[in-house]
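I opened my notebook to look up a sheet, its helices and a pocket. The entries follow in the order I made them.

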Amino acid sequence: MTMTPAQINLAVVDAHMKGEASDPASIMNLYTDDIVLDMPSRDMRLTRLADIQRNYENLFGSIRLLAMQPLDRFATHDRVVDDCIVHFVVTGDGYAKLPYPKGASIELRLLHVFQMRDGKIARETVFESWKPMV
């Protein structure tokens with residue numbers, strides 16, 4: 001059975017979401033060569049695979065993930081939207097421009113908008129909304 005473009009896009013984003021924390025190097029092939037990773041909440045834009053990989057290594061090396069609650073994920077032939085809530089504790093200082101110190105317990109509402117091209121991620125826009133957990 002042949003997969004539709006939307007199904008392919010969902011599979012690519014699923015692989016991305018599962019691999020970014022555990023092995024960032026393994027997901028770099030899911031991006032196009034002209035990738036743009038845009039994180040407007042932290043005023044960051046990355047356009048080189050090496051910088052994106054380093055960002056994920058630093059970010060996930062600086063938190064202890066407590067829980068991830070998927071809310072919604074859907075795809076079209078050229079987009080995937082993923083909405084979730086993540087709970088984590090800040091354990092280091094590699095999460096660039098995070099507005100909370102080490103030791104803080106955070107609830108993060110995380111919305112990804114992926115623009116897809118030929119079964120790869122061409123642009124990833126990440127909207128982040130943080131609040132400390134009490």
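Which residue in strand 5 is the bridge partner of Arg79? I looked it up and found Gln115. Helices (H or I, at least four residues) and strands (E, at least two) are DSSP runs, numbered from the N terminus.

I noted the ground rules next. This is a predicted model, in which local features need pLDDT of at least 70 and side-chain atom pairs count only at pLDDT 80 or more, while totals for chains, interfaces and linings use all residues. Residues are numbered from 1 along each chain as its sequence is written, and side-chain values use heavy atoms, with hydrogens and water left out.

I found an open sheet of six strands in the order 2-1-6-5-4-3, with mixed pairing; two strands pair if DSSP finds at least two bridges between them. Strand 2 (44–46) and strand 3 are the edge strands, each pairing on one side only. Strand 4 and strand 5 run antiparallel and are joined by 11 bridges. Strand 5 and strand 6 also run antiparallel, with 12 bridges; Phe114 has Glu124 as its bridge partner in strand 6. In the hairpin of these two strands, with two residues between them, Asp118 takes a positive phi near 55°. Strand 1 runs parallel to strand 6, with four bridges, and Asp38 has Thr125 as its bridge partner in strand 6.

Entry on helix 2. I saw that helix 2 packs on the sheet and touches strand 1, strand 2, strand 3 and strand 6; contact means heavy atoms within 4.5 Å. Asn55 lies in helix 2. Is Asn55 buried or exposed? Asn55 counts as buried because its relative accessibility is 8%; buried means under 20% relative accessible area, exposed over 50%, partly exposed in between (1.4 Å probe, protein chains only). Not counting residues up to four places away in sequence, Asn55 touches Leu37, Met39, Met44 and Leu46.

Entry on the pocket. I looked up the lining of the largest pocket and found 22 residues, of which Glu20, Leu59, Phe60, Leu110 and His112 lie nearest its centre. On a 1 Å grid over the protein atoms alone, a pocket is an open set of points where a 1.4 Å probe fits, with protein on both sides within 12 Å along at least five of seven lines; lining residues have an atom within 4 Å of a point. Helix 2 gives the most to this lining, with four residues.

Conventions. Axes fitted to C-alpha atoms, helices over the stretch in contact; angles between N-to-C directions.
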